[in-house]
Amino acid sequence: RSSLQVYLDKMQSMKPNETDAVKTIGDWLIKKTDTDSLQDMLAAVHLTLGKTYAGILNFEEAARYLTVAQGIGEKNNFFTIQADVLNELGTIYDRNEQTEKAVSYYEKSLAISEKNNYQRGIAFAKYNLGRVQLERGSGSNTTLNSAVDLMLQGFGIVKKLGFQPYEPCYS
């Protein structure tokens with residue numbers, strides 16, 4: 001388990017230009033972690049691969065890996081996986097200009113995160129919900145102020161927790 005964790009940590013900390021290495025390590029880890037006792041790692045590998053594919057705009061592959069991660073998360077009640085997958089799916093829909101679906105996924109991520117006091121999930125979901133509201137640009141000053149407030153709440157949580165938004169979240 002500990003040696004597999006080293007590779008998972010490496011995979012999660014790779015830069016966007018190291019996509020091929022992420023895929024290679026991820027595929028290897030999937031084979032090695034497909035047991036009942038390693039479901040948390042298996043979900044994290046699928047989540048990381050989903051994020052990697054989303055980063056290179058291959059949304060079909062991203063959704064495939066994220067869906068597997070979500071299934072593992074739901075089956076095993078891995079709320080961090082569930083919240084992070086929903087947030088990532090929201091981002092994919094947002095990038096594809098399907099704002100209503102994006103908002104729905106961000107709201108689901110926020111609900112799971114708040115229910116489980118998952119601060120990182122709360123931060124990202126609030127920030128993304130606020131960003132989408134702000135980018136819509138229409139609405140009253142109250143709506144726009146609410147959007148900025150959500151984003152600032154997200155930033156505040158990130159600052160309080162002492163990590164940057166791009167850092168890996170699993171260990």
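## Basis of the description

Because the model is predicted, local features need pLDDT of at least 70 and side-chain atom pairs count only at pLDDT 80 or more, while totals for chains, interfaces and linings use all residues. Residues are numbered from 1 along each chain as its sequence is written, and side-chain values use heavy atoms, with hydrogens and water left out.

## Overall build

The protein contains eight helices and zero strands. Helices (H or I, at least four residues) and strands (E, at least two) are DSSP runs, numbered from the N terminus. The radius of gyration is 16 Å, close to the 16 Å that the globule rule gives for 171 residues, so the protein is as compact as a globular protein of that length. This radius is taken over C-alpha atoms, and the globule rule is 2.2 Å times the number of residues to the power 0.38. The C-alpha trace spans about 50 × 30 × 30 Å along its principal axes.

Of the 171 residues, 45% are buried. Buried means under 20% relative accessible area, exposed over 50%, and partly exposed in between (1.4 Å probe, protein chains only). Among contacts (heavy atoms within 4.5 Å) between residues at least 6 apart in sequence, 54% join residues at least 24 apart.

## Helix H7 and its surroundings

Helix H7 (residues 119-136) has 18 residues and reaches 26 Å from its first C-alpha to its last, close to the 26 Å expected at 1.5 Å a residue. The expected span is 1.5 Å times one less than the number of residues. The buried residues of H7 include Ile 122, Phe 124, Leu 129 and Val 132. Their cover includes helix H3 (39-55), helix H5 (79-95), helix H6 (99-115) and H8. After H7 comes Gly 137, with a positive phi near 70 degrees.

Val 45 lies in helix H3 and counts as buried, at 1% relative accessibility. Not counting residues up to four places away in sequence, Val 45 touches Leu 8, Met 11, Gly 26, Leu 29 and Ile 30. The C-alpha atoms of Val 45 and Gly 26 are separated by 6.0 Å, although the two residues stand 19 residues apart along the chain.

## Salt bridges

The structure holds six salt bridges, each defined as a side-chain nitrogen of Lys or Arg within 4 Å of a carboxyl oxygen of Asp or Glu. In one of them, the side chains of Arg 1 and Asp 40 meet at 2.6 Å, N to O. This pair links distant parts of the chain, with Arg 1 in the segment before helix H1 (2-13) and Asp 40 in helix H3, 39 residues apart.

Asp 94 and Arg 131 form another salt bridge, their closest N and O atoms being 2.6 Å apart. Asp 94 is in helix H5 and Arg 131 in helix H7, 37 residues apart. Both Asp 94 and Arg 131 are buried.

## A nonpolar surface patch

Leu 134, Val 148, Leu 152 and Phe 155 form a nonpolar patch on the surface, with about 340 Å² of accessible area together. Patches are made of residues with over 30% relative accessible area and no salt bridge; like charges are joined within 9 Å, and nonpolar side chains (Val, Leu, Ile, Met, Phe, Trp, Tyr) within 5 Å. Accessible areas come from the Shrake-Rupley method with a 1.4 Å probe; for residues, only the protein chains shown count as cover. Helix H8 (residues 141-161) supplies the largest share of the patch, three residues. Leu 152 is in helix H8 and is exposed, with a relative accessible area of 53%.
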